[in-house]
Amino acid sequence: MNLNLFQKFKLESVMLPALAILGCCLIWYVIAGKSVTTVKTDDWGDTVKVTKRSGISADLPTPVETWTASKAYITDPFAKRGELDQGILRFTWLSLKLVAQGYFLALLIGTPIGFLLGLSKKFSMAFDPIIQILRPVSPLAWLPLGMILFSGVKVMDAGGRTTFGASDAAALFTIAICAMWPTVMNTAVGVRAVPQDYLNVAKVLKLSRTKTLWKVLVPATLPYMFTGFRLSLGIAWLVIVAVEMLTGRPGVGGFLWQQYNANSFAHIILCINVIGLVGYVLDRLMSLAESKLKTA
Amino acid sequence: MSQPILSLKNVSKGYGSKGARTEVLRDISLEVREGEFVAIVGYSGSGKTTFINMLAGLLKPDSGEVLLDGKPITGPGPDRGLVFQNYSLLPWLTVTENIALAVDSVFPTWSQEQKSAHIAKYIAMVKLTKAAGKLPRELSGGMRQRVSVARALAMDSRVLLLDEPLSALDALTRANLQDDISEIWQSSRKTVVWITNDPDEAILLADRVIPLLPTAPATLGQAIDIPLARPRDRSAINHDPQFKALRNQLINLLLAAKEKSRTTVSKKLVLPDILPEDISTPNSIQYLTRRGPRRRSEEKREELEVAS
Ligand SMILES: Nc1ncnc2c1ncn2[C@@H]1O[C@H](COP(=O)(O)OP(=O)(O)OP(=O)(O)O)[C@@H](O)[C@H]1O
Ligand SMILES: [Mg+2]
């Protein structure tokens with residue numbers, strides 16, 4: 001009886017998502033354009049093949065077309081055929097590297113700001129309006145500012161090739177400034193939520209400021225901070241696509257944009273799926289770490 | 001008589017801002033001599049934590065003075081160890097680390113070995129050597145309270161303030177800890193202010209018991225000296241006529257104050273400002289005719305049927 005229930009539950013948890021995915025693919029197929037090849041005789045009497053696409057969205061490739069066009073990128077995910085023609089995991093790796101750098105920058109800046117906001121009423125009063133205004137600004141708006149801010153940045157290697165230029169700095173800046181807000185806000189809320197009891201302990205034991213910070217405030221805020229870290233990572237991953245599109249850097253986002261310009265629409269769908277999957281995996285990993293922390 | 005180590009002079013304390021301010025304690029005066037064990041007994045919610053927090057320096061009195069050695073208390077200090085009502089151990093630190101936090105800040109000049117030995121001594125004193133490496137959540141309530149006591153003792157402060165240290169424990173554990181703490185006190189003879197809601201506990205442990213009377217705001221009642229010889233044996237003392245008399249005296253003081261506060265409270269009754277609603281008309285989308293609740297104060301005209 002119990003086993004039955006378990007099997008049923010498991011079956012449902014696999015079957016239902018599978019059905020939903022199948023349903024989506026079906027809708028996709030219906031909407032997608034279909035190629036119709038007709039053989040005609042032209043004015044000179046030669047037979048020519050004319051391929052015409054028709055359908056609700058004529059240019060949208062069907063699921064099967066998408067798969068055949070993407071196969072090379074998936075089955076050989078680490079191939080490097082050219083700067084902008086690489087296996088999909090190679091692109092993902094490039095994007096992830098940039099995200100990681102921008103993300104750590106975001107945490108490095110965001111966490112102390114969060115602490116200041118949570119600890120000081122005056123600081124919070126002074127900076128709250130600025131933060132509320134900057135928070136909703138889109139990455140598309142930050143990137144040009146980053147380009148201007150860091151226009152002088154140029155780090156070259158021995159061979160005279162630029163290893164870190166203005167666009168790299170602007171990309172990092174954009175990821176960092178967009179991704180840091182959840183960390184800032186959650187840390188601030190966490191610091192304000194530290195139980196008065198713990199603060200009283202710190203007072204009665206006459207702990208120094210640094211001791212109070214490291215032994216009381218940081219550990220008490222850690223669960224909140226981690227929620228912020230997780231949300232920040234999600235945003236960093238969201239921003240990377242826009243940044244790569246605008247700067248033309250190699251990566252999933254850059255590849256997506258380049259394929260759009262090259263009319264390879266199937267690859268766009270491939271990119272979207274990969275971006276979504278990677279984002280999902282990152283979020284899962286972070287919540288795993290988060291729950292470990294909360295039970296610890 | 002020597003100068004009291006702790007003294008409160010006409011201390012009052014309330015909570016809330018101007019308009020909605022309620023006074024919790026009024027006109028509290030008390031003197032505690034060096035080496036004395038004073039117990040304050042009061043009902044739950046009568047302001048005991050507020051009282052001890054002022055002694056600890058966590059709260060400032062609204063009026064009056066709290067003095068230590070004749071000098072006003074401006075904040076917490078290493079001269080006053082506090083055992084919190086809810087233990088207040090830091091959950092991310094082990095027993096040893098929790099106590100080390102206190103020792104490190106009170107004796108910053110000591111060597112590492114000196115500190116470790118000191119910490120180990122107090123952990124042993126509260127019989128927790130086996131649990132020294134455990135986190136608070138791995139300990140029982142009674143064990144946590146022992147850690148909390150050890151932490152306060154390890155500060156080697158002149159005055160020990162304890163806020164209902166045993167109230168959250170079951171009766172058996174409570175009795176055990178009372179005996180343990182009583183023993184520790186007899187060997188150290190520190191000044192102790194012990195807050196409790198248990199009259200028996202107060203009489204068993206203290207030199208002097210003061211009831212915190214639940215008048216609103218609360219005031220301190222007549223102090224009762226406890227001349228019972230030490231060490232006091234809990235099973236023998238239960239049949240001691242002197243103990244019984246003291247206990248009756250204390251309980252009567254507390255009960256009398258409660259009775260008095262009950263009879264003096266008067267409340268003006270205010271009827272709800274609402275008139276009965278007519279629910280005979282259905283109130284659905286089609287019939288938006290029914291009015292919402294009517295308030296007497298909003299009625300401009302009232303029709304009275306007069307029988308002719
Ligand atoms: N920070 C606060 N703000 C407002 N009111 C408070 C605050 N702390 C306590 N009070 C009020 O003061 C009164 C006394 O509280 P206190 O904690 O001193 O009581 P207590 O005697 O320690 O109670 P218990 O035995 O339950 O611990 C209560 O009515 C409580 O509601
Ligand atoms: Mg209390």
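**The interface and an aromatic pair**

Visitor: How many salt bridges does the rule find across the interface of chain B and chain A?
Guide: This is a predicted model. Asp104(B) pairs with Lys211(A), their closest N and O atoms being 3.9 Å apart. The cut-off is 4 Å, so the pair qualifies. Across the interface of chain B and chain A, the count of salt bridges is 1.

Visitor: Which helix of chain B gives the most to the side that touches chain A?
Guide: Strand 6 (80-83) and helix 2 (95-106) of chain B each supply at least two residues of that side. By class, the side has 12 nonpolar, 4 polar and 4 charged residues. With 4 residues, the top contributor is helix 2.

Visitor: How much area do chain B and chain A bury between them?
Guide: The contact takes 16 residues from chain A and 20 residues from chain B. In chain B, Pro76(B), Trp92(B) and Leu101(B) lose the most area to chain A, together 33% of what that side buries. Carbon and sulfur atoms carry 71% of the area buried between the two chains, which is about 1600 Å².

Visitor: Are the rings of Phe37(B) and Trp185(B) stacked or edge-to-face?
Guide: Phe37(B) lies in strand 3 of chain B and Trp185(B) in helix 5 of chain B, 148 residues apart. Both residues are buried. Their ring centres are 5.2 Å apart and their planes stand at 80°. Planes over 60 degrees apart fall in one class, so the pair is edge-to-face.

Notes
Residues are numbered from 1 along each chain as its sequence is written. Chains are lettered from A and ligands numbered from 1 in the order in which they are written. This is a predicted model: local features need pLDDT of at least 70, side-chain atom pairs count only at pLDDT 80 or more; totals for chains, interfaces and linings use all residues. Side-chain values use heavy atoms; hydrogens and water are left out. Contact means heavy atoms within 4.5 Å. Buried area is the accessible area (1.4 Å probe) that two parts lose on being put together, summed over both. A salt bridge is a side-chain nitrogen of Lys or Arg within 4 Å of a carboxyl oxygen of Asp or Glu. Ala, Val, Leu, Ile, Met, Phe, Trp, Tyr, Cys and Pro count as nonpolar, Asp, Glu, Lys and Arg as charged, and the others, Gly among them, as polar. Rings of Phe, Tyr and Trp (its six-membered ring) pair if their centres lie within 6.5 Å; planes under 30 degrees apart count as stacked, over 60 as edge-to-face and the rest as tilted. Buried means under 20% relative accessible area, exposed over 50%, partly exposed in between (1.4 Å probe, protein chains only).
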